[in-house]
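Good morning, colleagues. Please look at the sequence and the structure on the screen, and I shall then go through several of its features.

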Amino acid sequence: QVQLVESGGGLVQPGGSLRLSCKAYWFHIAAYTMRWYRQPPGKERELVATITDVGATTYADSVKGRFTIARDNSRDSVDLLMNSLNRDDTGVYSCNAYATVDSHPFEYWGQGTQVTVSS
């Protein structure tokens with residue numbers, strides 16, 4: 001099965017850090033733009049961070065300076081390094097891979113990993 005699988009979520013105290021990982025199976029991510037999304041409880045899913053196939057990154061304003069997205073094409077994985085976490089960072093974090101080939105979209109989603117920031 002072509003899929004993305006997230007790991008690394010859990011419970012962390014405010015001010016703490018977490019490292020999330022997303023591993024691709026049965027496809028290689030080198031040509032894909034990779035993204036991390038999150039969905040806080042009771043809210044819509046939002047884009048957190050993006051890294052293109054050539055390594056350019058963008059972040060939501062709410063996480064700039066605190067989160068870092070990185071990719072390792074040799075391992076077909078993308079990480080999200082999260083620092084200085086606060087309660088607003090709580091939610092289900094999902095990774096996404098997107099590419100187009102001859103105008104045909106290819107997109108994959110992971111099922112998500114829970115991040116809870118609480119004392």
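This is a predicted model: local features need pLDDT of at least 70, side-chain atom pairs count only at pLDDT 80 or more; totals for chains, interfaces and linings use all residues.

**Thr 90 and its surroundings**

Leaving aside neighbours within four places in sequence, Thr 90 is in contact with Pro 40, Pro 41, Gln 114, Val 115, Thr 116 and Val 117. Thr 90 lies in the loop between strand 8 and strand 9. Is this residue buried or exposed? Thr 90 counts as buried because its relative accessible area is 14%, and the cut-off for buried is under 20%. The side chain of Thr 90 also reaches the backbone nitrogen of Val 117, at 2.9 Å.

The largest nonpolar core comprises 27 residues. Those with the most contacts inside this core are Leu 4, Met 34, Trp 36, Phe 67, Leu 80, Met 82 and Tyr 93. At least two core residues come from each of strand 3 (18-25), strand 4 (33-39), strand 5 (46-51), strand 7 (67-72), strand 8 (77-82), strand 9 (91-101) and strand 11 (113-117).

Which residues does Met 34 contact, leaving aside its neighbours within four places in sequence? Among them are Leu 4, Ile 29, Ala 49, Ile 51, Ile 69 and Val 78. Thr 50, Arg 71, Asn 96 and Ala 97 are also in contact with Met 34.

Finally, the surface. Val 2, Val 5, Tyr 25 and Trp 26 form a nonpolar patch there, with about 430 Å² of accessible area together. Val 2 is placed in the segment before strand 1 (3-7). Val 2 counts as partly exposed because its relative accessibility is 40%.

Note on methods:
Residues are numbered from 1 along each chain as its sequence is written. Side-chain values use heavy atoms; hydrogens and water are left out. A nonpolar core is a set of buried Ala, Val, Leu, Ile, Met, Phe, Trp, Tyr and Cys residues joined through side-chain atoms within 4.5 Å. Buried means under 20% relative accessible area, exposed over 50%, partly exposed in between (1.4 Å probe, protein chains only). Helices (H or I, at least four residues) and strands (E, at least two) are DSSP runs, numbered from the N terminus. Contact means heavy atoms within 4.5 Å. Patches are made of residues with over 30% relative accessible area and no salt bridge: like charges are joined within 9 Å, nonpolar side chains (Val, Leu, Ile, Met, Phe, Trp, Tyr) within 5 Å. Accessible areas come from the Shrake-Rupley method with a 1.4 Å probe; for residues, only the protein chains shown count as cover. A salt bridge is a side-chain nitrogen of Lys or Arg within 4 Å of a carboxyl oxygen of Asp or Glu. A polar contact is a pair of N or O atoms within 3.5 Å; within protein, one must be able to donate a hydrogen and the other to accept it, and residues adjacent in sequence count only if both atoms are side-chain atoms.
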